[in-house]
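User: I am new to this structure and would like a close look at a single part of it. Please keep the answer plain and connected.

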Amino acid sequence: MLNRALELLSARLRAARAVTVLSGAGVSAASGVPTFRGPDGLWKTHRPEHLATPQAFARDPRLVWEWYDWRRQRIAACSPNAAHLTLAEWSRRLPGFRLLTQNVDGLHERVATQNVVRLHGSIWELRHAEGPRPTCPEAWRDEAVPLGGVPARCPRCGALARPAVVWFGESLDPEVLRAADAATACDVFLVVGTSSVVYPAAGFTGVARRRGAFTVEINPDETEASANVDLSIRGRSEDILPALSIS
């Protein structure tokens, strides 16, 4: 049954004029990146969902930055896995390929994946906590591991900085949303390694299907999206994606 599903999806990919992939935390799990909802989600008795919020940062920016500093150190020690490598190859070989990623770890970019839309930002970028300042960049790259100071501050003006990521309760950047919406106009839409519970990303699959895309879920476990896609494949992304033939 799995082989038939892989053959069907491979044929769809080869015939497609536009392919979009939505990737989630499961794609990076095999690389050792800690996930919010996995068994390694707890950090010093804190739930990540309680730390990745504007309210938590306002209450205790040092605590939130300690967690992000820990995450950055963990991610820096990780390497892209077979799923990242396969998607990078697809981005160079499949026509109209676009990757929407919920991940902030930068592993897709580390293998030079093309046409990446980062829905939730990057853990390797910082911005001012109180909003843009005219004398400083709106956001800046900072790959220091560990961070030079906790909480982090702007290297130019010394103001308190925050990770340039989308926290729970915050809206996605309008330009990012427009790019994601445009990407749902495709022939094949794959949702890979995500629990499909965080919106608006969880809604993109339905939008793509209504626009005529062949929708596919690749995940080890059943999710809220499983019953609403054309094809659901059980398995880990690092196993399933390399098994697909696009030539």
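Which residues does H128 touch, not counting residues up to four places away in sequence?

Analyst: The model is predicted, so local features are reported only at pLDDT of at least 70 and side-chain atom pairs only at pLDDT 80 or more, whereas totals for chains, interfaces and linings use all residues. Numbering starts from 1 along each chain as its sequence is written, and side-chain values use heavy atoms, leaving out hydrogens and water.

With residues up to four places away in sequence left aside, H128 touches R133, C136, P137, E138, W140, C154, C157, A159, L160, A161 and R162. Contact here means heavy atoms within 4.5 Å. H128 itself belongs to strand 4, which covers residues 121-128. Strands (E, at least two residues) and helices (H or I, at least four) are DSSP runs numbered from the N terminus. H128 counts as buried because its relative accessibility is 2%; the class buried means under 20% relative accessible area, exposed over 50%, and partly exposed in between, with a 1.4 Å probe and protein chains only.

A pocket is an open set of points, on a 1 Å grid over the protein atoms alone, where a 1.4 Å probe fits, with protein on both sides within 12 Å along at least five of seven lines; lining residues have an atom within 4 Å of a point. Of the 22 lining residues, R127, E138, A164, V166 and D173 lie nearest the centre of this pocket. E138 is also one of the contacts of H128. Strand 6 (161-165) and helix 8 (174-183), like strand 4, each supply at least two lining residues. The lining has 9 nonpolar, 6 polar and 7 charged residues; Ala, Val, Leu, Ile, Met, Phe, Trp, Tyr, Cys and Pro count as nonpolar, Asp, Glu, Lys and Arg as charged, and the others, Gly among them, as polar. The space in the second largest pocket is about 440 Å³, a volume being the space filled by probe spheres set on grid points that are joined across faces, edges and corners.

V150 and P151 are joined by a cis peptide bond, with omega about 0°. Most peptide bonds are trans.

As for the protein chain as a whole, 50% of its 247 residues count as buried, and the chain has 10 helices and 9 strands.
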